[in-house]
Amino acid sequence: MKIFDLLKSLIMAVFIGTMHHAQARITSEQPIHIANTIQFDSKILNKEISMNLYLPQMHEHHSDDFRYPIIFFNGSHGHQFFHMTTGLVKHLSSVNRMPDSIVVSLNQGGDFPAFDTQAMWPVDVVRKGKGDPEQYLDFLSQELIPYLQTHYRGAKHTSLVSVSANAVFGLYALTRRDDVFNDYIFHATADMIGMRLDLPNAKTLIDEVAEAVATRGKEKGIVVFGEADDDLISDKRYDDNLNKLKHTVVFKAQQNHALYIHAYKNERHYDALIKTLLSSFETLYPEALWAPKYRSLVTQPGNALENIEQYYQDLSKSYSFPVLPTPERWNSVNSLRSIGRYLLREERTDEAEQVISRLLEYMPQHMGAHLILSDIYLAQNKPTQRKKILEKGLQIATKRQHPSIAQFKEALKL
C-alpha cells in the first residue's frame, strides 16, 4: 500500500508540474527594428536600386546640428554582412570610439568593368563586366549621397567597404574615379590587386592602386587592405602582391600616403572581416582622439562647456564633418547629461546650466535633461525658470506618453 501511495504522489507531482509548464507562455512579441530595406528610384541608372539602410540609434532624437559619416558596403557581401557591420558601428559609436554613422549596403552591387585575372585565379580569362561603373558612380555621387545628406543628415565623409571579388568596383573607384569616397576598406583582395582592369592602357592594379594612394595624400582619407593568413598561405603570389603593393607605394610616395595593410594570423577568408573593420575604424578614429574624459575637460582652467566644445571644434578640423559632444551615453560619465549632473554636485551651477541647456539644444525632447535643469534652477533659487522647464517637460512627456510624467507632476508640487 505504501508503494501505491508513493507512485500516486509521483504521478500527481508530474501532473502538477506539467500543468504549470503548460501555463507558462509568451504573452507578447515585438520585433526589434534595426534597419530598413529601401528601393531608390535612380534617374541616372533608369531603374530602382535595392539597399539596406541603417541610421544611428539616436538619429530621431538628435537635432539638425548632427551629421553622420556614410559607410557603403557594395555587392552581395554588403547584404550578407550588413547586420555584423551595423552591430559593430552601433557598439563603437555608443562608447565614443567612432562617430554615429549611416550604413548602406548596395544589395545589387556596383557596376564594374571587365578584368583580366592575370592567372591569379585557376583559369586565366577576362571576366565580363557588369553595367557601367562610371554611370554607377555618377548615381552615387549625384543622386544617392546628396539624398542621404539632405534627408538623413549624412556628412560629407564617405567610406566604401569592398570584399573579395566584389572589390573590383572599389578598386575601379579608387584608381579611376577617386572623387566619390574618402576611405576605401578592402578585405580578402590580395588576389584581385594582382589582376588588371580590361581597359586601354591599364596596368596591374598593384601599380594603379600605388599611384592612386601616392597622389591622394593623407588628408583625403585612408586605404586599408585586410587579409586572412589562410588566404595568403593558400597561394604565395597573394602574399607577394601585398608586399609589392606596400613597397611600390613607399617608393612612389614615401610618407605622402595613408595605406594600411593587415594580415591576420589564424584567420580565414570571411572570418577576418570583422578584424579589418575594427582596425579600419580604429585607424580612422583613434581612441586617443575620440574618447575624451569629460571630467578631465571640465577640471581644466576655464569654463566647462567652452572646454568641451573647444575640444570638439579642434577634432572637427581634422575631419570633413562637424563633430559634436556626446549628449547622452548609457551608463557612462562621458556625456553632457552626466557632466551636467557632476557640475551640479560640485556646486558649479552656472556651468551646469550651460551644459544642460546645450544638451537640450541637441536633444530637445530629452526628458532627463528637463528634470536636471529643474534641479539646477532649484539650486540657483530660480523658481520661475524651474516651473517653466518642468511644465515644458511635462507637456512633452504627456504628448509622448513617456514614463517620466509622474516625476514631472511630483516635481511641480514642490
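## Labels and cut-offs

Visitor: Why does Lys43 count as exposed?

Guide: Its relative accessibility is 64%. Exposed means over 50%. So Lys43 counts as exposed, at 64%. Bear in mind that this is a predicted model.

Visitor: What makes the pair Lys43 and Asp41 a salt bridge?

Guide: Their side chains meet at 3.0 Å, N to O. The cut-off is 4 Å, from a side-chain nitrogen of Lys or Arg to a carboxyl oxygen of Asp or Glu. The pair is within that limit, so the name applies.

Visitor: How do you know which label Asp41 gets, buried, partly exposed or exposed?

Guide: Asp41 has 40% relative accessibility. Buried needs under 20%, and exposed needs over 50%. The value lies in between, so Asp41 counts as partly exposed.

Visitor: How many salt bridges does the structure hold?

Guide: It holds 21. Glu361 with Arg358 is one of them, with the closest N and O atoms 3.0 Å apart.

Visitor: Why are Glu361 and Arg358 said to be about one helical turn apart?

Guide: Both are in helix 14, residues 349–362. They are three residues apart there, so about one helical turn separates them.

Visitor: What makes Glu391 and Lys387 a salt bridge?

Guide: The N to O distance is 3.9 Å. The limit is 4 Å, so the pair qualifies.

Visitor: Why is Asp116 called buried?

Guide: Its relative accessible area is 13%. Buried means under 20%. So Asp116 is buried. It is found in strand 5, residues 115–116.

Visitor: What does the side chain of Asp116 reach at 2.9 Å?

Guide: The backbone nitrogen of Gln118. A polar contact needs N or O atoms within 3.5 Å, so 2.9 Å meets the distance cut-off.

Visitor: Which residues is Asp116 in contact with, leaving aside its neighbours within four places in sequence?

Guide: Asp124, Val125, Val126, Met195, Arg196 and Asp198. Contact here means heavy atoms within 4.5 Å.

Notes:
Residues numbered from 1 in each chain as written. Predicted model: local features only at pLDDT ≥ 70, side-chain atom pairs only at ≥ 80, totals over all residues. Heavy atoms only, no water. Buried < 20%, exposed > 50% of the residue type's maximum accessible area, 1.4 Å probe, protein only. Helix = DSSP H or I, 4+ residues; strand = E, 2+ residues; numbered from the N terminus. Polar contact = N/O pair within 3.5 Å; in protein donor to acceptor, adjacent residues only side chain to side chain.
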